[in-house]
Amino acid sequence: AQDVLVYLFGESAVHLTLEGLGTVSVQELGQSVREALHIPDSAQDVFAFWLCSPLLDLQLKTRHQPYKLCRQWQDLLYRFTDASEEDISQDEPYLQFRRNVFYPKSKEQQIEDEAVLRLLYDEAKSNILSGRYPCDPEHWTDLGALALALDEGTGLDDQQFATVLREKKVSSYVPAHVAIGSGGLFSTLRGKSSRQAGLQQNLLAAYRKICTSVGNSPEPTQLLHQYLHTCHALPYYGCAFFLGEIDKPSPGILQRAKRKTVNVGICLEGVYVMDVKEKHVLLGLQFSELSWDHSYPEEEGDSHILWLEFDGEEDGTAVNKLLKIYSKQAELMSGFIEFCVELRSGSEGGAAAGPDGEDLQQPASQEARHKNGRGGRPRMLHRQNSVVCSRVHTLSTISYVDTGKEIKRLKPKRAASFFTRQTSAPAYSAVQVTESLEQG
């Protein structure tokens, strides 16, 4: 018998003692963890096991044997990361029990079990505080106030509220980059006290609003549902994240373009490219709005690339745009997208459909879906103040139009689109093969 630690979000872990650890599968391990956490069998599909480290996160399948994958971890790091040999030799994965990325949000919204909701809450809160889920001030203020109400109850007066924030720090309830602020050292020091006071005041106002709406003794599940409901409004909730780089717009003819680090989130709804530093969305596409492919390095020094193709507009002309994402995880991302598309199309027994088989895509209405879908040209994406909105104009993309001779950048040539991987080819309004290639 050997001891095993299965980590959870919220700095806790499940301690198990197992026999035959080397051959224990994820399915067998799941039963033991659910029993220890008092999770009903009806919720067995909500969570999955992940092998995680600072260098790589992988969701395991039920047939996988975690111990054997741990023994192969260095091989996986060489294949899917650009880490140095020294970093790879020192990296150690840990086993984590967390949300299954293929579990539909529509089903999650029906969960009532407090133990299950608490685990989902802990994970969502961690992603909010770390900035992995970018959100606007009104969202993280409400979420911070809900988290404080879950920790301390809804009966705090103003002085008690201030004491809690002082002891636990504001960073326990709002994203780290918000609590720390931006700018140089002197601006940070000069503005720290006023910023902290402003954050505290906003949190208190949101906390008072919550107390008024739920009363003095709300059920924990009520607050947990409110927290998760707010997170569900974020289109990238529940995504699996991959690390990559994109080209920055060229600063000048004689200057070499640099690259920007991005997180690529993929879930049942679509693909989201996020700026790691600025904590906002650069590009968000539902599967009906994109085609994709990945390419392997042709020569030494080349990169693995995930290609995303989507509709755009330049100077009033409808164009197709290509975004290159450089990443050794491009193959993983491409396979992940393909599997999500298959789930949504019902090839896996309708696993991606809601209780009545409805489409899980998230446009606000059928009208919005018709307007933005590939059935016709979508309205032009433009920059807004919200961190959730796409910032297509900040991307360095390749644009092509239907006036020219040929496309030389990618092979093989395709008549309607670079990529055959689409959710439904007939609905895709790609422009014809181009004669010229221009940098956007």
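1. Helix α12 first. In this predicted model, α12 covers residues 330-344, 15 residues in all. From first C-alpha to last, α12 reaches 21 Å, close to the 21 Å expected at 1.5 Å a residue.

2. Which residues of α12 are buried? A330, M333, S334, F336, I337, C340, V341 and L343 are. The cover over these buried residues includes a run of strands: β6 (240-247), β7 (259-266) and β8 (270-275), along with β10 (291-295), β11 (305-314) and β12 (317-326).

3. Have a look at what comes after the helix, too. α12 is followed by G346, and the phi of G346 is positive, near 90°.

4. Next, N100, which sits in the loop between β5 (94-99) and α5 (105-108). Is N100 buried or exposed? N100 counts as buried because its relative accessibility is 14%, and the cut-off for buried is under 20%.

5. Last, the surface. L5, Y7 and Y94 make a nonpolar patch of about 270 Å². One of these, L5, lies in strand β1, residues 2-8. L5 has a relative accessible area of 42%, so this leucine is partly exposed; a patch residue needs over 30%.

Notes. Residues are numbered from 1 along each chain as its sequence is written. This is a predicted model: local features need pLDDT of at least 70, side-chain atom pairs count only at pLDDT 80 or more; totals for chains, interfaces and linings use all residues. Side-chain values use heavy atoms; hydrogens and water are left out. Patches are made of residues with over 30% relative accessible area and no salt bridge: like charges are joined within 9 Å, nonpolar side chains (Val, Leu, Ile, Met, Phe, Trp, Tyr) within 5 Å. Accessible areas come from the Shrake-Rupley method with a 1.4 Å probe; for residues, only the protein chains shown count as cover. A salt bridge is a side-chain nitrogen of Lys or Arg within 4 Å of a carboxyl oxygen of Asp or Glu. Helices (H or I, at least four residues) and strands (E, at least two) are DSSP runs, numbered from the N terminus. Buried means under 20% relative accessible area, exposed over 50%, partly exposed in between (1.4 Å probe, protein chains only). The expected span of a helix is 1.5 Å times one less than its number of residues. Contact means heavy atoms within 4.5 Å.
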